[in-house]
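Please examine the sequence and the structure shown below. A short briefing, grouped by topic, follows.

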Amino acid sequence: MIDINKIPSPCYVMEEELLRRNLALIKSVKEQAGVNIILAFKAFAMWKAFPIIREYIPYSTASSIYEAQLVYEEMGSLAHTYSPAYTEESFPTILQYSSHVTFNSLSQFERFYPQVVAEGNKVSCGLRINPEYSEVGTDLYNPCAPGSRMGIISDLLGDTLPDGVEGFHFHTLCESTSYNLERTLQEVEKRFGRFLPQLKWLNMGGGHLMTRKDYDIPHLVSLLKSFQVKYPNLEIIMEPGSAFAWQTGFLLTTVVDIVENHGIQTAIIDASFTCHMPDCLEMPYKPVIRHATEAVAGKPTYRIGGNSCLSGDFMGDWSFDKPLQVGDKLIFEDMIHYTIVKTNMFNGIPHPSLALWSREDELVIYRRFGYEDYKNRMD
């Protein structure tokens, strides 16, 4: 039983038992389907928890030079790396820390593949393809929107792949289902099927939310097995991010003031949506607050305001069984994926601590942040 009073505020708290439950499911899918499922750091990179993750999944994907280095140092393996663009300065390091490198464009491949050859072709190279099909409803997260900079469309490839291309990578999903993946694969085959028998691997990217309660795991396994029967030459790779940390923890905050203007009550907390829960404003989506509901007439109802000076740093409205008071704790559920990796120190607002609630019912503080963390970012 988690003792909230032992947790500093604000603090991200990951629950080990819930993390292990997700990891066990992901490993089961990997083994049933005979595919390679790896962790995407873009969603979750709290590296002090990697010893737990390595018990189930040993490999990771990186989207930048720093993520690739973190894979090597803290996962103890080489990264599957994709970036929209590599630079002359970054690419030698990318090669050092990667087993697979995916190029976003033919020009990037032509520019940097000679370095791969010079290093003895130790890295397997691929191209990111754009099937021009995605069921993601929010444009901000849709990599196949018209004019997207992500990936190569079929028309640009002609009938022959450049020498050295061993794999394809597509990423069209976001918190999606196996049925979204099924329809996407149909589009991939329609546009790029002429190349699939020639390749060694196909990376199906992220967005496979297989740890969500309503996800159809048997359908996913069947889909992947059928695809492999059709293309036995392909190693299938999947790199979900959210699925690993989905509903594995929360952000604990404290009410520090309550203000009212024209009948609207706002509870201001010691954290910030724009700094610490940015996806809430970007997606946007309204998070769940423990022991709160959607607005109910007649019940104490509040907007929740962040403590930055951004006017839009608030969300609402939530109802509670009793009026909120300064000092009350508010727990924002499911705040481990796409939060910590996207936080910032805008306004010099103190960053929430990072912690694990262990299987032994102990609070393990991974990191506390202070003034020097803020100051040194601009040193």
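Why does Ser148 count as partly exposed? Ser148 has 24% relative accessibility and therefore counts as partly exposed, a class that lies between buried (under 20% relative accessible area) and exposed (over 50%), with a 1.4 Å probe and protein chains only. This is a predicted model, in which local features need pLDDT of at least 70 and side-chain atom pairs count only at pLDDT 80 or more, while totals for chains, interfaces and linings use all residues. Residues are numbered from 1 along each chain as its sequence is written, and side-chain values use heavy atoms, with hydrogens and water left out.

**Surroundings of Ser148**
- Ser148 is found in the loop between strand 7 (124-128) and strand 8 (165-169); strands are DSSP runs (E, at least two residues), numbered from the N terminus.
- Leaving aside residues up to four places away in sequence, Ser148 touches Asn130 and Pro143, where contact means heavy atoms within 4.5 Å.
- A polar atom of the Ser148 side chain lies 2.6 Å from the backbone oxygen of Pro143.

- Nine strands form an open sheet in the order 2-10-9-8-7-6-5-4-3, with parallel pairing; two strands pair if DSSP finds at least two bridges between them.
- Strand 2 (36-37) and strand 3 (39-40) are the edge strands, each pairing on one side only.
- Three bridges join strand 9 (residues 201-203) and strand 10 (residues 235-238) in the parallel sense, and Trp201 stands opposite Glu235 in strand 10.

**Leu310**
- Leu310 is placed in the loop between strand 14 (301-305) and strand 15 (314-319).
- Leu310 counts as partly exposed because its relative accessibility is 38%.

Terms used:
Helix = DSSP H or I, 4+ residues; strand = E, 2+ residues; numbered from the N terminus. Polar contact = N/O pair within 3.5 Å; in protein donor to acceptor, adjacent residues only side chain to side chain.
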